[in-house]
Each structure stands twice: as structure tokens, then as C-alpha cells.
Amino acid sequence: MDMLRATGVERPAADRGPAGRIRARLEAAAAGAPEGVTLRVTKARLHQVLLCPAHLVASLGSPGPPSPEKVAGQLLDRLFGLVATGSRLGGDPVGEALGAAMADHELGPVIDWESLSCEDQAEVRAIVEACLPAVVAWPALAGSALVRVQEPMRVELAGGRVVLSGRADLVTGRPSAELVGARLIDVKSGRRRQEDLADAGWYAILETLRHRVPPLQVGAYYLRDGVLVLEVVTAGLLDQASERIAGGIRCMVGLAGGTAAATNPNPLCPWCPAIDSCEPGQRSAWERGAYIHRMTLEDDDEL
Amino acid sequence: MSSELAAHQEAVRAAVRDGLLSTPVSGASVVALRARLVDGLGPVIGRSEVIVDGFGLSRVAKCLASHVPEPFYWTASRAARSLGLRALRAMTTAARLGVADAVGVAVDDAIGEDRSLGRWLAGQDGPSRGATVAAAVSWSSRAWVAVPWNQVGTVDLATGAAMARPFGRSGWIALKGRPDAVIQPSGGRRDDPRQVLLRLGGSSLVALGLDALVFALLRGVAPLRVVTVQPSSGVVGALDVNRELLQDTVDWVVVAAGSVGESGLAESPGRHCWYCQRRGECATGGSWMRDQPHRVGGIPVPVAAGPR
């Protein structure tokens, strides 16, 4: 609770300078976006394109079935939203999360859940149960915290040809005339990853652009161990994050304009939808001892 | 004065108060607009009840054949706005009332009224109610952060849709406006004719025109301006209301009302086809979509994937 109250954290003055500089940097990156197309940039697509442009294109074309981890994450986001706005959970967290999604006619989590096998559904239940203590341990915040869950955020660049969009799991506070004040928290049901700091930077940039001043803090709440990690938003964090985002936008603008997707072999190649047709990826995966040819029906006929 | 507000709120106050027209469209013009509306609707009178709302009007403006009115039903996010406006009203009048408490009062009040929202809320189970409260708390907080409610003038927060019936209460057509607030920017009396409508969230030009037209038909005087505030992006828009805007809106309403239940209407394919209710049955739209490059999120992808 002390962390959420930012006890001991000095609130910086609401400096409007960074917003203008960041927008100028991102506008320059988006300037070449083709007419008649809306390029939609999300934090996941940004990760993918910076990892390997060919991986982004392959993932967009073949999103693949939902994994138990992804479905569990969706359900836990719902449950966290209920608790953070004052509801108490009963004894069937999966059912409650699905019921909450249905109340909003948000069918994605329901369809994903129903598409899973019994074994995968059991895995989802296990993940949800394991994370539940951290969800229900989330403290009730005062009314002045101005709690927003699943906060939609959107920034248009290049006259709307490039749209950055995201949905922060939890936002509290707000900037005043003199001081920064908002705090953005991403709820994570998976393990801690290096990319989490980049995600925090992504939300810091979206918040800075929409409210014209940076947030106070950004971070993540890890449901596996109930640990809240918050970073104070500094000029350095904003600079690093905006440079990363600008790099991703430049690359995506190129792809949208017809530039062939470059390949960049990386540790995630074995899980890429394009692995079977990507020689550099296959080589990389072999070298890491991780490549297993995906069998097809044709392969089966040959056996 | 401006230094008292956060930067994004300054933009809202400026949009509500700065550079307003000196006088609204005259009452005589509103009478003429009503006559134009009644004349235009005359040839299509007598059909089953039609409600023309901003969403439908936006669809008609893109493609005549895409206007398929759907019966209204409540969802958590739709209820969030209604409950959120009630909560904001409580928060602007009761000092230090927290958002969650204000939403709680709003839910209890709505159930006590025994109207459609209240009946829907009363029938909810725990998770559904939780989702509705979560959406309403978030909506209210978002609105509270986005707009400096106590520094834009005298504010009347809406509690529901504004319905204008050009043929009277028993008439077959209703025009549905949806401003979130009516603001008297100078802070004077509420019957001052110089009013501004405020709407939270993005909206098309014709939908904003409909808000202004409905207001004008109900009150006999048009608002000076419609202001839109998008909390998700911080974008603030201002549309001055003039006679031409209202006339164009009347014409679109006539077209929309005439299109309901009609077959063989002109189909105008475009990007709106991807989201059209008639997507599965419209040959023109289907052909247009098949001809488009396969893109996801704006990026060309292998053919197997469906474009979005």
C-alpha cells in the first residue's frame, strides 16, 4: 500500500516539454506511412517487429490457437479488474471471470476458453488458482485514487495513418497543473521477463502523449508472487522508450509500404509460425538444439 | 486561471468556452428545420417505429444499405455510461464523495426506479454486477480526470438519451441524441440560450449533428457548439453548430428513416464493410473485400489470413 501511495516518492513538476519532444520523434518515424492504410501498433507487435520483422508478419498471418497461459492471463485480468473496483470473488474464479466477460458481450475470452481441450482448461484453472491469492490481496484504494481498470489508450500519428493503442490493466491518480500524478500498472500472470520494462515504457509514452505530461510511475504487478514493481518515470526512461518505439514504427511503416520483412534469428525462432519456411530461423534453431520439424498430414502419409 | 488546470483539462475548457459564436441558430430557424424534417419524413410515414441514433446515421452516411437498426440491450459498458453520469452528478454536488461510493448510490437509485436499466441490474448475478460496477467506476474516474467539471461553467449532466419525436409522443419516429452534458459556459442561468453540448468519446460528424438537432428540437434553440473529449487519447474536438449543419443532419435523418426495412438500396463499399452487420450477405461489399490486399493491422500478410 505504501508503494501505491508513492510514500517517499517525490512527485516531479508537470513538465510539458517531454510530450512535445516525444511526439516530434514519433511523428518523424511515422511520416512515411502509406496513404489509405491504418497501421496499428500495439506493445505485442512492437516486441515482435523489433525481435524479427519476419516473425511479426508470420504471427499476424497465423495467430495460432490460444495457449492456456494466454487464456489464463485474460481471465486473471478480468478478476483483477473486479477486485480492484471493490468486488469480492466467490469460489469459482474461472466461471466468474467468464461471467464478467459475458456481461460486457466480450466473447473473446469465452470463445478462447471453449476452444481449449480439457487438459488445457485444467492448466488454465491451475494457473488461475495459483495467481488468485495475489489478486484477492490487492488492497482497496481510496476514492481519490480514481481507479480505472482496462484503461484504453490511443495515440494517432501521421494524421491517423499510424495508431498506437494499448489497454492498461490499472491506472490511478492524475496529473495536476503543477505535478505529475498518474500511475499505470500492468498485471502479469507469467514469469518476469526483460521485456516488462519495455512494456512499462510503452504505457509511459502513451500516457505522456495523451495527458501532455509524463506519469509518475509505471510498472507491473506479478500475480505469481504478489510482487509490485514500480519505476519512477524519468527523462531517461522516456527517452529510451520513445527511441525504441520510434524504431519499431519505422520498421512497421516499411512493412506497410511493401518492404520485404527482414529475418533476424533469435531464441524464439522455434516457436515462430514461419519456422518451416525460414532457413535462417531453422539454422538458428538447430544451433540452439531446439528445432523440431512440424509434422503435417502429408508427412503422415509418407510414413 | 489556466495554470490551475492540468494540460489536457485546459484543452477541454478552451474548447467549451473560447471563441464561441455570439448567438445560436435562431428559434425561427429551428421551426423551419422541424418543418423540413416533417416534410421529408412524410412520404415514408406509417411504418413501424424507427429510432434514428448517431450510430445508425453514421452508417447511413457511409452506405445506405448498411443501416440495420438493432433492438437495444444493456451491456456492462453501456450501463457504465448511464451509471457513471449519475455518479458524476453525485460527485459534483457532494464534496469528497468517492467514485466507488457514488457508483454504488447510482446502482441503488437505478434499481429503485424500476426502469429498464434498473430491471437489468436487478437481474444480474455477482460476476455480471461486478463487471458492471468495474466498468462504471472506470468510466466515472476517466470522465472525472478528463474534464474539469467545476471549471467549464454550469453543467447539467445527462441521465439518459435525449429523444425528439417530430410527430409527437405517439409518433412512429424518434431521434435519439446522446450528449453527456449540457454546459452553460458563462456559468449563468440554465435557461440562458448560449449552451454547449459535451460528449465523451469519439463520434462522427453526423452523430454530433444529431445531438445538436435533437437538442434544438427539444428546446427550441440550438446549442452553440458540440465538444467531444476522448479520454483514451486526450483529443478534444469542437464543432460549431450552424444552420447548414442542422439542415444536413435533417436530410440524413430523412434518408436513414427511409432506408429502414428497404431492400435494393445503393451499396457503397469501403473500409466500413469490414465492420458491417450485413457483411455476410452483401455481394457488393463481399466483392470489394476480396479485392483488397490482405493486411492485418495495416501490414500485408500471407493470403491465408483475413484482413482487418
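## Strand pairing at one edge of the sheet

In this predicted model, Asp156(B) has Val182(B), a residue of strand 5 of chain B, as its bridge partner. Strand 2 and strand 5 (residues 181-184) of chain B run antiparallel and are joined by 4 bridges. In general, the strands of a sheet pair through backbone hydrogen bonds, in either a parallel or an antiparallel manner.

## The sheet of chain B

These strands belong to an open sheet of 5 strands in chain B, with the order 2-5-6-7-8 and mixed pairing. Its edges are formed by strand 2 (154-157) and strand 8 (235-240) of chain B, each of which pairs on one side only. On average, and with direction ignored, neighbouring strands of the sheet are turned by 20° against each other.

Helix 8 of chain B, which comprises residues 205-219, packs on this sheet. The helix touches strand 5, strand 6 (196-200), strand 7 (225-230) and strand 8 of chain B. Its direction makes about 135° with that of strand 6 of chain B.

## Helix 10 of chain A

Which residues of helix 10 of chain A are buried? In this helix, which spans residues 279-287, they are Gly281(A), Gln282(A), Ser284(A) and Ala285(A). Because these residues cover an arc of only 165° around the axis, they lie on the same side of helix 10 of chain A.

The other side of helix 10 of chain A carries the exposed residues Glu279(A), Trp286(A) and Glu287(A). Just after this helix, Gly289(A) adopts a positive phi of about 70°.

Technical notes: Residues numbered from 1 in each chain as written. Chains lettered and ligands numbered in written order. Predicted model: local features only at pLDDT ≥ 70, side-chain atom pairs only at ≥ 80, totals over all residues. Heavy atoms only, no water. Pairing = 2+ DSSP bridges. Helix = DSSP H or I, 4+ residues; strand = E, 2+ residues; numbered from the N terminus. Axes fitted to C-alpha atoms, helices over the stretch in contact; angles between N-to-C directions. Contact = heavy atoms within 4.5 Å. Buried < 20%, exposed > 50% of the residue type's maximum accessible area, 1.4 Å probe, protein only. Arc of directions from axis to C-beta.
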